[in-house]
Amino acid sequence: MKRIVLLLLTSIQATLLFAQKEGGPAQYVRPNIGSAHSRYFFYTPAAVPFGMAKLAPSTNGSEGNPSGWEAVGYDDRHRSIEGFANFHEFQIGGIVFAPTVGKLKTFPGKKEEKNSGYSSSFDKSDEYATAGYYRVILKDYQIKAELTATERVGFHQYTFPETDSANVIFDIGHKMGESGPVLDAKVTYDHGHVWGYVITKPVYVQKYQESANVTLYFYAVLDQIPASYGAFRDSTQFKGLKTIRGKGAGIYLQFKTTKGEQIGIKTGLSYTSVDNAKLNLTKEASGLTFAKAKANAIQNWNKALGRIEVKGGLENDRIKFYTGLFHALLGRGLASDVNGAYPKNDGSVGQIPLLKNGIPEYHHYNTDAIWGAFWNLTQLWAIAYPEYYNDWVQSQLLVYKDAGWLGDGIATSKYVSGVGTNFTGLAIAAAYNAGIRNYDIPLAYEAVRKNELEAKSRIPGAGKLDVGVFVKKGYSPYVKDQTGSPELNKQGSPFGASHTLEYSFSAFAAATFAKALHKTKDYEQFSKLSEGWKLLYDPATKFIRPKDGEGRFLDKFDPFEAWKGFQEGNAWQYTFYVPQAPEQLVSLIGKETFSSRLDSIFTVSQKNSFGGGKQIDAFAGIQGLYNHGNQPNLHVSWLFHYAGRPDLSQKWVRAICNEFYGTDGIHGYGYGQDEDQGQLGAWYVLSSIGLFDVKGLTGPDPSFLVGAPLFDMVRIKLPKELRKNEFLIKVNQQNPGDIYIQSGRFNGVDLKGLSIGFEDLVKGGVLELEVGRE
């Protein structure tokens, strides 16, 4: 029976105002912030934390991106929508649904050419997005489109005008976002059900695991039976055809609707099979209405976001905080099904062990590269989401067991290394160091050790192809790239200096892990390798400087020059990349020189918004003195602590929070900087509550430096089964200009220094801070 609903008489604006006043931390989430430079997986409001189903409008996703990483999918400046994609992950995209009215068009068209396809214009005043829900009016068709999700099921609800030509298009066989080219697709319709798959070849899969593909499966159920149906391939339509295969394949359904009539679609998703997509749909969404799914999604977000509660401070800071936390919990989504089936690296289907109740022991996830995440994501996971961190380790070990190497980035278990390094070993070592250990520890250590030391038969997808020469020489030599694939060089790297710094840091993490497990010989080797950075320190210039294969510093050295010896940065930025031994770096440079140089760097960089200025480009700041828009710089503002000037860290961390981070579509994370799956958002979360570990939880007895929070109160409270006691930060401040810590007490005892142990945070207690203007 058709469902008829009355159109709301109130304005869209009034609805938006009411919705934004809903309770819980989700009320502060603004997904559109910073989306002018939106990575494909960045803008997915209709999702739950770490979910597989990530629904969002596409404004230009059908254009794809040539290098696999450029901004594509949704741009806050665009004013047309080309449908709603169900899959959004690193190197993964597709399964697009689009409702229309009138003449049937089965190709999205071009955003700059009105009516060239099924795309529709829209007004920003008719759009609303929050954590777990999205709504927009498709202006050309007068259709209200709404989206929400469970973990593995996408919900679409389309409200139509009165018409005898309502269409719902299932565009399966076209590229979308970061999917890369489509190799094959198949889609079938029968009695209110649509199902199928698409096989894609993402750019990073082409580079790192050429023989592999990524396949997406779906099973959709509509709550209406169409008046007619057909199939299409690109713009060619086949009326009455129920199934079609090949690139450009899709299904269309046509309806006659009355004013305000709704058509709902539930879509089970999977990376393993259509049958498992159907099972996911049945288990998670059987009998679940759109309204209930939406309410559940928002409640899910409120619970997850609410693990870190902030009160007081400026409303804009709470918006930045919870939007950043939202981003951090969106990335790295589920890749396994409700029954524990998961996609293996070789293209077959694996099985995660089941508990007695039939629930999988853990989950498998897709993931972007972990590059730089130890200064944001992994610390945040350890603080508030330890069960996810544990699952992430289990997930990485699945790939290691199946394919023999840890993968820095993985898409349906296929290797998508990203920048060609591999910090997965460091992140696993940090998890163990932080007491997160519910996995096969001997296997984890074996994987970490292999990742840090072994070069024989190392595959491109494992990254660190120059680790052999690093282990042999203690540094990676600068080698000019002649191939166009700099990540694949084994004798050194055009980024040899930054690789040396990175591998030294990860060796330090492995050393801590080895020592804890009483692996004495390994500990000694890792400890020696962790000092490789010293081989590249040039005392004449006081910079880290690339060396050639003969151990000579490169001539014509320009510390501003990016890409020569340094990946996505330069010597000004990377010289501070010694997080495992900041005290030693300060000693080499000299305390006064260190502090004055770094203070000057921030003074100059502030004029350029601490990054790329107002240029909308992920690499806009890589030739500057400091670039907050990219991972290698994210610990630098906290380094003043090691030169005895924590006041300067307090000054510049607060300035970055206030000025680099904004609250609109263009100025969200710099002006179009690279918000890799929530990493810049997670940095804001950590820094705004005044907790940060330069060593990324890799040091013995890990601890956090303490800064001045932006809020009057911060409460970290996890479910009792995860952590018994809460950790509370109370701040006595008169106004937002009070950024300098005057004194501090933990559980009633005066702080001896501005740090607090990770173990103290886990045990719980009260940290009281007095802040002032001086």
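In what order do the strands of the open sheet of three strands stand, and is their pairing parallel or antiparallel?

Modeller: The order is β26-β27-β32, and the pairing is antiparallel. Strands are DSSP runs of E with at least two residues, helices are runs of H or I with at least four, and both are numbered from the N terminus. Two strands pair if DSSP finds at least two bridges between them. β26 (691-692) and β32 (755-757) are the edge strands; each has a single partner strand, so one side of each is left without a neighbour in the sheet. β27 covers residues 703-706 and pairs with β32 over three bridges, in the antiparallel sense. Within that pair, L705 stands opposite S755 in β32.

A word on the basis. This is a predicted model: local features need pLDDT of at least 70, side-chain atom pairs count only at pLDDT 80 or more, and totals for chains, interfaces and linings use all residues. Residues are numbered from 1 along each chain as its sequence is written, and side-chain values use heavy atoms, with hydrogens and water left out. The pLDDT is the predictor's confidence in each residue, from 0 to 100. Its mean over the chain is 95, and 97% of the residues reach 70 or more. Residues 1-21 stay under 50; the model has 35 contacts for them beyond four places in sequence. Contact means heavy atoms within 4.5 Å.

Next, a residue in helix α17. W683 lies in this helix, which covers residues 679-688. Its relative accessibility is 0%, so W683 counts as buried (under 20% relative accessible area; exposed is over 50%, partly exposed in between; 1.4 Å probe, protein chains only). Leaving aside neighbours within four places in sequence, W683 is in contact with residues including W375, H628, W638, Y661 and F692. F374 is 309 residues away from W683 along the chain, yet their C-alpha atoms are separated by 9.9 Å.

There is another open sheet. Six strands form it in the order β19-β28-β29-β33-β30-β31, with mixed pairing. β19 (308-311) and β31 (749-750) stand at its edges with a single partner strand each, so one side of each lacks a neighbour in the sheet. β30 (residues 740-746) and β33 (residues 765-772) pair in the antiparallel sense over six bridges. Y740 stands opposite G772 in β33.

Now the records. An unreviewed UniProt entry annotates residues 276-772 as "domain: Glycosyl hydrolase family". This span is 38% helix and 11% strand, and its end C-alpha atoms lie 57 Å apart. The annotation "domain: Glycosyl hydrolase family 92 N-terminal", also from an unreviewed UniProt entry, covers residues 28-270. Here the figures are 2% helix and 47% strand, with 31 Å between the end C-alpha atoms. Such annotations use the numbering given here, have shortened feature names, and may be inferred rather than shown by experiment.

Finally, the whole chain. It has 18 helices and 33 strands. The radius of gyration is 26 Å, close to the 28 Å that the globule rule gives for 774 residues, so the chain is as compact as a globular protein of that length. The radius is taken over C-alpha atoms, and the rule is 2.2 Å times the number of residues to the power 0.38. The C-alpha trace spans about 75 × 60 × 55 Å along its principal axes. Buried residues make up 65% of the 774. Of the contacts with a separation of 6 or more, 70% join residues 24 or more positions apart.
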